[in-house]
Amino acid sequence: MRSGASSSTTFSAERRAIARYFVVGGVAACVDIGLFMLLARGMGLAYQPVGAGTFVLATLVNYVLSVRFVFVSGARFGRKSEIALVYVVSAVGLGINALMLWAGVELAHASLFLSKIAATGTVFFWNYFARR
């Protein structure tokens, strides 16, 4: 028979990890969206290459902060496998980001800002569930 205390403790630890991931994701999202808007809207650069560049930078910020504050590095995989997995998850996330930006701007005729917010939110959840 399983103890209720251990499942309660596990649930509580999971909630804390999710809360920390939201904070880390918020910091990375600020980097991504802030630089995206500065470069794409403020400087008039093409949104797709800018979106890819700011996504890559924000992913680096997210990885460093996640390893430090959210996930235990090397807990499930060796270091090399973990890094490879991060790149795979990030590559899929970059594809989702690009598709969402394109669909928002070109199909829905939404603003760059709203399209980027939608893309960032979608990728946030993809990254969390893929990395846990």
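I started at T120, which is buried at a relative accessible area of 13%, under the 20% cut-off. This is a predicted model, so I'm reading computed values throughout. T120 sits in helix α4 (residues 112–131). Leaving out residues up to four places away in sequence, I found T120 touching A29, D32 and I33.

Next I went for the aromatics. How many aromatic pairs are there? The count comes to 4. In one of them, F22 and F124 have ring centres 4.9 Å apart and planes at 45°, so I noted the pair as tilted. F22 is in helix α1 (residues 4–42) and F124 in helix α4, 102 residues apart. Is F124 buried or exposed? F124 is buried, at 14% relative accessible area, while F22 is partly exposed at 44%.

F22 also pairs with F125: centres 6.2 Å apart, planes at 75°, so this one is edge-to-face. F125 is partly exposed, at 44% relative accessibility. Ring pairs join Y21, F22, F124 and F125 into a cluster. I also looked up K116, which lies over the face of F36, 5.1 Å from the ring centre.

Then I checked helix lengths. Helix α3 (residues 79–107) has 29 residues and should span 42 Å at 1.5 Å a residue; I get 41 Å between its end C-alpha atoms, which agrees. Its buried residues include V86, V89, G93 and N97. After α3 comes H109, with a positive phi near 55°. Helix α2 (residues 47–69) reaches 31 Å over 23 residues, close to the expected 33 Å. Among the buried residues of α2 I listed Y47, F55 and Y63.

Methods. Residues numbered from 1 in each chain as written. Predicted model: local features only at pLDDT ≥ 70, side-chain atom pairs only at ≥ 80, totals over all residues. Heavy atoms only, no water. Helix = DSSP H or I, 4+ residues; strand = E, 2+ residues; numbered from the N terminus. Expected span 1.5 Å × (residues − 1). Buried < 20%, exposed > 50% of the residue type's maximum accessible area, 1.4 Å probe, protein only. Contact = heavy atoms within 4.5 Å. Phe/Tyr/Trp six-rings, centres within 6.5 Å; stacked < 30°, edge-to-face > 60°. Lys NZ or Arg CZ within 6 Å of the ring centre and 35° of its normal.
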